[in-house]
Amino acid sequence: TVHVDPGQRPVAPAGITAPGEDWSLKVDRLGKVFGGSRVSSEVVAARDISFDVAPGEALGVIGESGSGKSTVMRCIIGDELESTGAVYIGAVGAGRANLLGWAPPLRRRLRTNILSVVYQDPAMGLNLRISAGGNIADALIAAGWRSYHQIRQRAAELLDRVEVPLSRMDDVVGQFSGGMRQRVQIAKALATDPQVLLLDEPTTGLDASVAAGVLDLLRELLAERELAVVVVSHDFSVISALTDRAVVMKEGRIVETGLTDQLFANPHHPYTQQLVAAAR
Ligand code: ADP
Ligand code: MG
């Protein structure tokens with residue numbers, strides 16, 4: 001590696017890490033097209049999406065509903081398998097190969113301890129018919145944990161950390177409030193100490209005071225860990241609370257990138273200006 005004097009460190013354009021710099025997730029010209037059959041017209045949900053995220057950094061993806069944010073997340077996590085471009089995980093065990101070329105079983109294995117996601121809808125990330133502890137145990141068992149006592153202990157620690165009362169550890173998650181479900185989903189996503197965490201509208205749909213509590217929790221959790229995080233939201237206040245840098249998506253494309261504070265204070269693209277106005 002080349003020694004670079006911190007004072008002379010080249011400034012990379014926002015959204016692109018300087019060559020040789022550390023990154024945990026790199027998305028390179030990702031594209032996704034839906035439909036295009038005789039019965040449906042083509043929807044270009046994502047085109048030419050590129051960004052990367054360093055360890056300990058949180059990147060925001062902001063755009064209005066339908067702009068393609070979830071599609072990008074789903075392509076990264078492997079919920080969508082047919083996409084173009086490349087996604088690299090710069091983590092031990094992932095080998096920096098393009099994940100988009102991996103077979104589905106291998107992609108699923110990454111989700112056990114390298115890549116985690118928190119969906120807007122807790123039912124996407126949790127089994128609502130089993131207990132909070134059981135949901136966390138599922139993630140741990142998938143990652144190779146075998147000791148009942150260690151699994152119980154880890155689940156209890158995590159539930160405690162996300163402020164779910166331990167008395168509820170054995171209660172079925174379907175009986176929990178929306179905010180509590182989301183806390184359990186976050187605990188499950190963090191259970192195996194992933195290196196990359198994707199949050200897709202983690203507080204959307206919750207009552208304002210509950211959303212604020214979950215946002216505070218996420219802010220604390222991200223500060224405690226060296227995670228690379230991608231936060232997707234239509235809401236600039238969520239992106240501002242959690243991220244350092246952000247990309248702005250409109251109709252499947254990135255229209256502006258920058259430091260979150262600067263995007264918020266001084267948006268250039270008219271579309272970004274609209275999103276900022278909506279959050280003020
Ligand atoms: P966002 O998360 O920003 O609200 P999405 O990624 O969910 O946006 O959607 C982007 C576009 O892709 C929208 O036009 C949406 O209708 C379309 N889309 C998403 N999923 C599918 C699908 N499974 N089939 C067809 N079109 C889809
Ligand atoms: Mg979405």
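1. Two strands are said to pair if DSSP finds at least two bridges between them. The helices and strands themselves are DSSP runs, numbered from the N terminus, with at least four residues (H or I) for a helix and at least two (E) for a strand. On these terms, an open sheet of 3 strands has the order S2-S1-S4, and its pairing is antiparallel. Its edge strands are S2 and S4 (84–89), each of which pairs on one side only. From one strand to the next the twist averages 20°; axes here are lines fitted to C-alpha atoms, for helices over the stretch in contact, and angles run from 0 to 180 degrees between N-to-C directions.

2. The model is predicted: local features need pLDDT of at least 70 and side-chain atom pairs count only at pLDDT 80 or more, while totals for chains, interfaces and linings use all residues. Residues are numbered from 1 along each chain as its sequence is written, and chains are lettered from A and ligands numbered from 1 in the order in which they are written.

3. Overall, the protein chain has 10 helices and 9 strands. Its radius of gyration is 19 Å, close to the 19 Å that the globule rule gives for 280 residues, so the chain is as compact as a globular protein of that length. The radius is taken over C-alpha atoms, and the rule is 2.2 Å times the number of residues to the power 0.38. The C-alpha trace spans about 55 × 50 × 45 Å along its principal axes.

4. Burial is counted by neighbours: a residue is buried if 20 or more other C-beta atoms lie within 10 Å of its own, exposed if 12 or fewer, and partly exposed in between, with C-beta atoms placed from the backbone. In the protein chain, 41% of the 280 residues count as buried. Two residues are in contact if their C-beta atoms, placed from the backbone, lie within 7 Å. Among contacts between residues at least 6 apart in sequence, 65% join residues at least 24 apart.

5. Back in the antiparallel sheet, strand S1 (residues 25–34) and S4 pair over 5 bridges. One position to look up is Lys-26, whose bridge partner in S4 is Tyr-88. Strands of a sheet pair through backbone hydrogen bonds, either parallel or antiparallel.

6. Strand S3 (residues 58–62) shows the parallel case. S3 pairs with strand S7 (residues 228–233) in the parallel sense over 5 bridges, and Gly-60 stands opposite Val-231 in S7. S3 is also joined by 4 bridges to strand S8 (residues 245–250), again running parallel, with Val-61 opposite Val-247.

7. How much of S3 is buried? The strand is mostly covered, with 5 of its 5 residues buried. Ala-58, Gly-60 and Ile-62 point one way, while Leu-59 and Val-61 point the other way. In a regular strand the side chains alternate between the two faces of the sheet.

8. Helix H4 (residues 132–142) has several buried residues, including Ala-132, Ile-136 and Leu-140. The buried residues of H4 pack against helix H5 (148–161) and helix H6 (178–190). H4 is followed by Gly-144, whose phi is positive, near 105°.

9. Asp-48, with a phi of about 60°, lies in strand S2 and counts as partly exposed, with 14 C-beta neighbours inside 10 Å. Asp-193, with a phi of about 50°, lies in the loop between H6 and strand S6 (196–200). Asp-193 is exposed, with 12 other C-beta atoms within 10 Å.

10. Asn-98 is found in the loop between S4 and helix H2 (104–113). Why is Asn-98 counted as partly exposed? Because Asn-98 has 13 C-beta neighbours inside 10 Å. Leaving aside neighbours within four places in sequence, Asn-98 is in contact with Ala-86, Val-87 and Tyr-88.
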